[in-house]
Amino acid sequence: CHFKCSCLDSLPDLLLCTNYMIALPFMQINMFHHLIFVTSLKLKLWRELPPICSDVRQKQRISIDTLPPEVKAPFPSEPVIPLRTKTIKEFQEDMERATTSGDWRDVRDFYLTTFDSFLEINAAFKREANAPFNTIEDSGVNSKFLNAVYDALLCTPQDIQKSVLKGIINSLLREWKGPRTKDDLRAYFILVQNPQYSSTSTYVIYAHLLRQIAGLSEADHHFLVHWFKKLSPRRFRQLVERFLHFISTRLLPAPPDELPPLTRCSWWIPAATKVLALFNAANSISTPPIMSFTDFYNITLDHIDIMEQYRTWQSHGNSNKFSFCQFPFILSTVVKKAIIQRDSEQQMISMARQSLVNKVSRRQRVDMNLLFLNIKVRRAQLLSDSLDELSRKRADLKKKLKVTFVGEAGLDMGGLTKEWFLLLVRQIFHIDYGMFTYLKDSRCHWFSSWKCDNYSEFQLVGTLMGLAVYNSIALDIHFPPYCYKKLLTPPIVPCDQNTPIGMATATLGDLQQVMPDLAHGLGELLCYEGNVEEDFYLTFQVFQEELGVVRSYNLKPGGDKIPVNKQNRKEYVQLYAGFLLNKSIYKQFAAFYRGFHSVCASDALMLLRPEEVEMLVCGSPELDMSTLQRAAQYEGYSKADLTVRCFWDVVLDFPLELQKKLLHFATGSDRVPVGGLADLNFKIAKIDVSTDWLPISHTCFNQICLPPYKSRKELKQKLTIAISNAEGFGLE
């Protein structure tokens with residue numbers, strides 16, 4: 001069957017073509033593409049036709065206000081929507097009769113009429129046919145009826161389902177050009193929920209629908225975002241999963257008879273991703289979010305060349321050149337970590353090359369140590385030595401980190417670095433050091449508000465955290481999520497030194513993360529029904545203890561003389577939260593921010609959410625030893641050997657504290673890397689020594705070596721002793 005352009009000359013021929021399109025997926029692909037192209041071409045040529053008489057056109061440019069009343073014609077109004085009276089009960093009764101009798105005529109007529117045009121779609125599902133419903137708060141759609149119609153659709157005979165798709169094609173063609181009305185938006189809102197798009201045979205139609213939605217104006221998108229957030233959580237999740245599956249299917253190679261060549265439909269993925277971005281926006285403005293932000297990750301993207309996407313984004317930004325990096329919500333933390341790692345590696349190579357060039361150009365002897373950031377510390381003076389080394393070697397911060405403990409024979413293949421970070425973090429965040437305050441209610445650390453002349457130590461702590469991310473080391477740090485929000489405000493260090501940094505908008509929810517009791521009290525203030533001014537007796541002044549001295553601060557000029565009342569209490573709460581989380585610690589956090597970004601300055605930070613930065617710094621919060629067991633490799637043992645079986649029996653029964661100690665013993669860190677324990681490359685090796693020996697480990701290679709213990713009791717005793725006394729390094 002050959003497709004001919006003449007089929008566009010009349011509606012019957014067009015309907016005949018669409019019948020073939022529904023029946024034959026591959027023919028559907030070619031014809032629909034051709035049909036859209038030719039229709040668009042005809043419209044374009046029609047628009048470009050010159051006026052019949054240009055002189056007449058020029059002479060007739062008269063304002064309508066100058067015409068006499070009898071000559072004025074009314075401006076064209078929106079088409080009147082036909083009245084449809086079918087109710088959900090009547091529809092369900094029709095479905096029951098059809099299912100029982102096999103006579104589907106009434107149901108067929110309903111579906112055929114309903115999806116024939118945007119007008120009919122509105123007629124069927126709009127709660128009041130000719131009511132405007134032009135606000136973001138209410139789509140005007142009868143959701144219960146719509147859900148019933150769509151839930152029943154997949155249970156109808158194939159010819160009915162095909163007629164619906166044919167009607168949708170006609171609707172999209174008729175609505176292809178021209179300004180959009182709210183009824184048009186409503187039709188798109190309804191059509192995108194069609195469950196038929198789960199089948200790849202409908203993907204061509206689905207793609208064209210998505211392209212039209214993606215091409216709407218920003219104002220129209222604003223309406224759709226607010227309408228999408230009103231969907232039930234189940235429907236919302238189904239649509240998001242359908243988008244992700246569509247993108248994944250198009251990314252992967254497809255049989256030639258199932259989908260068109262990627263070269264002919266390169267716009268599919270950008271269109272779907274842009275519409276998915278509307279759902280992500282709807283999720284973000286919902287309180288609480290409808291779905292976790294991780295549910296928007298497309299895991300298929302973990303297996304593509306993401307650096308090519310990243311370079312495209314760096315070169316073209318948010319221009320018309322599509323890159324997944326324009327829509328970072330779809331990229332998993334694993335992908336973002338890979339981008340940061342490769343970006344870091346490129347910077348490391350660049351710094352090392354520059355150091356070599358400088359040495360050679362001066363005809364100096366080349367020392368391979370110049371390729372690394374070499375940190376030499378004594379365990380007894382760990383903190384002071386580390387801060388001194390970092391201060392002296394700022395120019396080398398972007399080189400590969402290499403740690404040496406003075407007096408120990410260990411060679412740093414990664415294990416010593418992890419040990420250094422672990423011990424250093426413990427000392428810096430110790431309460432006696434005074435830089436950070438531990439808040440028991442929130443079980444996190446926060447910046448001390450004491451004032452001093454030099455905040456360089458906060459900058460060095462920020463540098464330390466940046467080094468950990470730069471060198472892919474997870475730290476045992478307990479900052480609240482708001483800290484990472486501040487760290488990304490802004491994500492790129494501004495050139496102007498006077499631009500405020502780390503001043504993220506502070507809400508009562510953010511204060512809840514840090515000081516839950518105080519946040520609860522302020523929440524009570526906002527809800528109080530009595531006389532706020534007389535009963536609370538507050539002013540726009542707060543008090544804070546600093547090194548044993550209580551100081552007062554005005555939240556606004558003259559704040560000590562401004563009473564808090566019902567009218568201004570929201571402002572008081574907002575200013576109070578902003579003072580505690582931003583203003584009172586501005587200098588401390590600004591130094592910390594600059595230290596972190598001195599190492600991690602990268603465009604890749606713009607891709608990250610605060611929660612993802614926290615995961616990169618601290619690792620995954622889930623410690624699942626059964627996952628480690630499934631991913632473990634063996635050398636000299638097999639997983640069926642008695643020693644290995646006893647090992648896993650013991651480890652899986654360990655309390656969380658001992659499991660963390662085991663992880664520290666084997667890897668040098670008790671933190672779970674991004675991606676989980678499955679990405680750890682953990683190995684259990686056999687060591688042919690007496691069973692009197694304790695287990696030993698090679699932290700650089702995430703390897704634990706076990707003598708051939710013969711019983712569970714013996715293995716548990718020796719393993720517990722080993723992991724509970726794991727500090728220091730030596731060479732065999």
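I started with helix H9 (residues 182-191) and helix H11 (residues 218-228), whose axes come within 11 Å and cross at roughly 45 degrees. For the record, this is a predicted model: local features need pLDDT of at least 70, side-chain atom pairs count only at pLDDT 80 or more, and totals for chains, interfaces and linings use all residues. Numbering runs from 1 along each chain as its sequence is written, and side-chain values use heavy atoms, with hydrogens and water left out.

My working terms: helices (H or I, at least four residues) and strands (E, at least two) are DSSP runs, numbered from the N terminus. Axes are lines fitted to C-alpha atoms, for helices over the stretch in contact, and angles run from 0 to 180 degrees between N-to-C directions.

**H9 and H11.** The two helices are oblique to each other (under 35 degrees counts as roughly parallel, over 145 as roughly antiparallel, 65 to 115 as roughly perpendicular, the rest as oblique). From H9, Lys182, Leu185, Arg186 and Phe189 meet Asp220, Phe223, Leu224, Trp227 and Phe228 of H11, contact meaning heavy atoms within 4.5 Å. I get 6 nonpolar, no polar and 3 charged residues there (Ala, Val, Leu, Ile, Met, Phe, Trp, Tyr, Cys and Pro count as nonpolar, Asp, Glu, Lys and Arg as charged, the others, Gly among them, as polar).

**H10 and H12.** Next I looked up helix H10 (residues 203-214) against helix H12 (residues 233-251): the angle is about 115 degrees and the axes are 12 Å apart. That makes H10 roughly perpendicular to H12, and this crossing is left-handed. Tyr203, Tyr206, Ala207 and Leu210 of H10 meet Arg242, Phe243, His245, Phe246 and Thr249 of H12.

**Sheet.** I then traced an open sheet of 4 strands, in the order E7-E8-E10-E9 with mixed pairing (strands pair if DSSP finds at least two bridges between them). E7 (633-635) and E9 (696-698) are at the edges with a single partner strand each, so one side of each has no neighbour in the sheet. Twist averages 25 degrees from one strand to the next. E8 (residues 683-686) and E10 (residues 703-706) run parallel, joined by 4 bridges, and lysine 683 stands opposite glutamine 703. Helix H27 (residues 642-653) packs on the sheet and touches E7, E8 and E10, at about 120 degrees to E10. Helix H28 (residues 656-667) lies across E9 and E10, at about 60 degrees to E9.

**Torsions.** I found a cis peptide bond between threonine 287 and proline 288, omega about -5 degrees, with proline 288 in the loop between H13 and helix H14 (306-316). Threonine 489 to proline 490 is cis too, omega near -5 degrees. Asparagine 681, in the loop between H28 and E8, has a positive phi near 55 degrees.

**Confidence.** I checked pLDDT (the predictor's confidence in each residue, from 0 to 100): the chain mean is 84, and 87% of residues reach 70 or more. Over residues 1-76 it is below 50. Where pLDDT is low, the predicted coordinates should not be read in detail.

Definitions and conventions
Left-handed = near helix turned anticlockwise from the far one by under 90°.
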